[in-house]
Amino acid sequence: MCGIIGYIGNKLAVPYLLKGLHDLEYRGYDSAGIAVLADNEIEVRKTEGRLSALEKLMDKKPTKNATIGIGHTRWATHGKADSLNAHPHLSENKRFAVVHNGIIENHASLQKMLEREGYHFIGQTDTQIIPTLLERNYNGDVINAISDTIKMLDGSFALAILFVGDTENIYCTCRSSPLIVGISKGSGHIASDETALVRVASQSVRLGKDEIAKVSRDGVSFFDENGKPVKKAFKKIERSTLDIQKNGYEHFMLKEIYEQPKAIKDTIRPLIENGKLRIGEYFRESGMDTGSINRICITACGSAYHTGLVGKHVIERLAKVPVECDIASEFRYRQPLLDENTLVIVISQSGETADSLAALRLAKDKKAKTLSVVNVPSSAIAEESDCVLYTRAGPEIAVATTKAYSAQLSVLYLLAVHFAFEKKTEKKEELDALLGHIINLPGLVEKTLKKTAEICKEYSKIFIGSEHAYFIGRSLDYASACEAALKIKEISYIHCEAYAAGELKHGTISLIEKDTVVVAHACCKSILKKTLSNVMEVIARGAKVILIACESDREILSEFDNCIFVPDTSEYLLPSLEAVVSQLLSYYTAKGLGNDIDKPRNLAKSVTVE
């Protein structure tokens, strides 16, 4: 959510800033801006809309040549999305420029205090108080001014700061919102995501809570919240730039859909050796004794929450351990009962999701054991968890998740098998067979892509012109239906809802009328007949039905039109194949509607505010 970029070097700053902001577009935004420092003056250019609008503004009104600057893509929280509220923001005396990710929770009281002291404000955003506080607190030392300012702030923030009196440094700090400093020969860089540093920096370091950095062309100095010097170690940036190219695909989302076999294979490879699970080694290396675990809580947001719904079913069935699954933003507020025998599993693609991070911290406060499933090793959730199992999906640029979702599912399958082995709740030969199916899952996903792509493209036309669509299923199929409904609504903007199929008669069926689109997930053989009964009920009321089912049920379903068949495998693993179908349906629906598939309106890839 929002993107920050900063550059200081020996080359012109504007091209670096604009390229960095393009690399961060996937995070979601509705306005953009840059500030550069030259000739003892800060020049700001900002506008609502996409980066193309900012680039046009720069062409009409270029800045002075500068080798130091900061940039921002804003996702509106406080104040509407317009050029006035867009970042960067200047102090009243125009000596400080600030870009900010996060939310300042006490901004209203601070603004009233500043207004009583004679300062003036013209925008609605919470960010505008920060440069003013820096101006107020400056007494000749910028580090002290930053230290005094952040002590006054409640909430989350990542800040990059320019100061007119210092053309040799960019300053930055953060709390509960990610910020990464990068270095290369002759230049220093700041970004809210390492993706924007891949092309320009050789090493990076993540700022900790309330740490302050002074970034120059020749190096970086770090300070704690009181302005005292601290040491931090840089690490080499390993990520390949090829991962953030489309490589011939029309959209990142389509590319990432087809990268799923590799993402799953790369994820499970470190967790299995010679056909044997290695997850126990990860637990032991972290010092965690899992033998006493008698309850599991899974918490996550969005699509990651839907993987948790799948995980709940599979872990409970195989390991016979009670599992609860909570939306992370609700987890804290229901005051969950946790203890040292509870394992809290936090699932997050970015590892920075604010609600998930808060849930993790609550679990640790309650002395529960914590395990995270994340895609970014340097992320806050990874660093604060007792144990981490990484998904190795690589950078995911499209806002609507695909390959990260599939990688998360594969980790949860393996966790279920691990706990079943540990607790001896299933026969060894049956668990070995299931492990074999998981090892073969990348090939099954690839087969599903080849067999269903064209039919999904054709059936996506059924959604065009529809205002509503309903997704139904039972058990694991219901979890798949939840993700499918989210995927369609995210990028097509069609209103979609998922329902447990057995709940239709408890109110929802009143919404079914002629030509209402209903997608029925019917892959679970053990309850197929019950699901088909619900399908017949909506057909009787005029619904257009798309059935997603297993290949071996083709003959049973011959009376139904619009069927999409996936390969047969263990019932536990079918959500991975159903996900491929849902992703393709959503992609081709959005394409047919002419939508911005990789950057859907109002959405952000990494939600770092509550």
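The model is predicted, so local features need pLDDT of at least 70 and side-chain atom pairs count only at pLDDT 80 or more, while totals for chains, interfaces and linings use all residues. Numbering runs from 1 along each chain as its sequence is written, and side-chain values use heavy atoms, with hydrogens and water left out.

Start with L271, in the loop between α7 (260-268) and β16 (272-273); helices (H or I, at least four residues) and strands (E, at least two) are DSSP runs numbered from the N terminus. L271 counts as buried, at 4% relative accessibility (buried is under 20% relative accessible area, exposed over 50%, partly exposed in between, with a 1.4 Å probe and protein chains only). Show its contacts (heavy atoms within 4.5 Å): leaving out residues up to four places away in sequence, L271 touches K276, L277, R278, I279, Y282, L389, V411 and L414.

Next, the aromatics. Rings of Phe, Tyr and Trp (its six-membered ring) pair if their centres lie within 6.5 Å; planes under 30 degrees apart are stacked, over 60 edge-to-face, the rest tilted. That rule gives 10 aromatic pairs. Pick Y138 and F163: ring centres 4.8 Å apart, planes at 50°, so the pair is tilted. Y138 is in the loop between α4 (129-137) and α5 (142-150), and F163 is in strand β7 (residues 155-163), 25 residues away. Y138 is partly exposed at 24%, whereas F163 is buried at 3%.
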